[in-house]
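Thanks for coming, everyone. I'd like to walk you through a few helices today, so let me put the structure on the screen.

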Amino acid sequence: MSDTPVTGAAIRVFLVDDHEVVRRGLRDLIDDEPGMEVAGEAATADQAVARGPALRPDVAVLDVRLPDGDGIAVCRELRSRMPGLACLMLTSFDDEDALLDAIMAGAAGYVLKQIRGADLVAAVRTVATGQSMLDPATTARLMRSLRGPGEAKAPEEERLAVLSERERAVLELIGEGLTNRQIAGRLHLSEKTVKNHISRLLGKLGVERRVQAAVLAAQAHEHAQAHEHAQVQEHAQARDHAQPYAHRPSPAHTPAPGHRPGHG
């Protein structure tokens, strides 16, 4: 028996997907697993929001694309009613933009629809125990690949301004994908102190998960890099424009070879 949210209780899973065949396959897969059960299903966003809270699931497996909305909005709404709910997003390769929005909505993880059954079960068990299926460093790289430096917004940088110098250092290492223990070793702090710093910085940023904070930090970093790059380019252009004049030889001091004064 694997770990479950409550000792001796099965992990209750809520399935939200508009394809009946997909839901049936997921139900069969989960119900066959020890310590797991399907608490209910929904085919639309409206059904999910209406049924979810009454079912009191531990994990919601949500399709990002739904016929009357999207799983991201459902994730946000369900978690506002059930803060302890872990949302696992089902996505395809072309859903990367939606993935970032899902992270900021509080999703605990995402899996591709092409995932193997055993891996999906493992993902459900992982998020059910309060862990994340989102790696901060990977998510930050994804964000940079999707949004050019020029698109990074200054508000993220302003939000980070409320952090202390130590909290910003901790956040930077979170963005590199380091664990609490690794951060403690890097900054010569105890793990408990690192955990306290993380709790405070999440509260100041108004987010619940460390990966959300890492995305904000990456966006602010991209904005700063874009600004610095623009300044470097501006200085380079000014220098290149001035160089022809600065290095042009003076005719009075550099006579042409063979030229004799007084002869035309």
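Before the helix pairs, one definition: an axis here is a line fitted to C-alpha atoms, for helices over the stretch in contact, and angles run from 0 to 180 degrees between N-to-C directions. Please also keep in mind that this is a predicted model.

With that, look at helix 8, residues 165-175, and helix 10, residues 191-205. The axes of helix 8 and helix 10 come within 10 Å, crossing at roughly 95°. Angles from 65 to 115 degrees count as roughly perpendicular, and helix 8 and helix 10 are therefore roughly perpendicular to each other. On the helix 8 side, the contact uses Arg166, Glu167, Val170, Leu171 and Ile174. Helix 10 answers with His197, Ile198, Arg200, Leu201, Lys204 and Leu205. Sorted by class, that contact of helix 8 with helix 10 has six nonpolar residues, one polar and four charged.

Now, what does helix 9 do against helix 10? Helix 9, residues 180-187, packs on helix 10 at an angle of about 105°, and their axes are 8 Å apart. That makes helix 9 roughly perpendicular to helix 10. Helix 9 brings Asn180, Arg181, Ile183 and Ala184 to the contact, while helix 10 brings Glu191, Val194, Lys195 and Ile198. By class, we have four nonpolar, one polar and three charged residues in the contact of helix 9 with helix 10.

Let's step into the loop between helix 8 and helix 9, where threonine 179 is found. Is threonine 179 buried, exposed or partly exposed? Its relative accessible area is 41%; buried would need under 20% and exposed over 50%, so threonine 179 is partly exposed. From threonine 179 to glutamate 191 is twelve residues in sequence and 9.6 Å in space, C-alpha to C-alpha.

Last stop, helix 1, residues 20-31. Which residues of helix 1 are buried? They are Arg23, Leu26 and Ile30. These cover an arc of only 65° around the axis, which puts them on the same side of helix 1. As a reminder, an α-helix has 3.6 residues a turn, so residues three or four places apart point the same way. Covering the buried residues of helix 1 are, among others, strand 1, strand 2, strand 6 and helix 5. On the face turned away from that buried side sit the exposed residues Val21 and Arg24.

Technical notes: Residues numbered from 1 in each chain as written. Predicted model: local features only at pLDDT ≥ 70, side-chain atom pairs only at ≥ 80, totals over all residues. Heavy atoms only, no water. Helix = DSSP H or I, 4+ residues; strand = E, 2+ residues; numbered from the N terminus. Parallel < 35°, antiparallel > 145°, perpendicular 65-115°, else oblique. Contact = heavy atoms within 4.5 Å. Nonpolar A, V, L, I, M, F, W, Y, C, P; charged D, E, K, R; others polar. Expected span 1.5 Å × (residues − 1). Buried < 20%, exposed > 50% of the residue type's maximum accessible area, 1.4 Å probe, protein only. Arc of directions from axis to C-beta.
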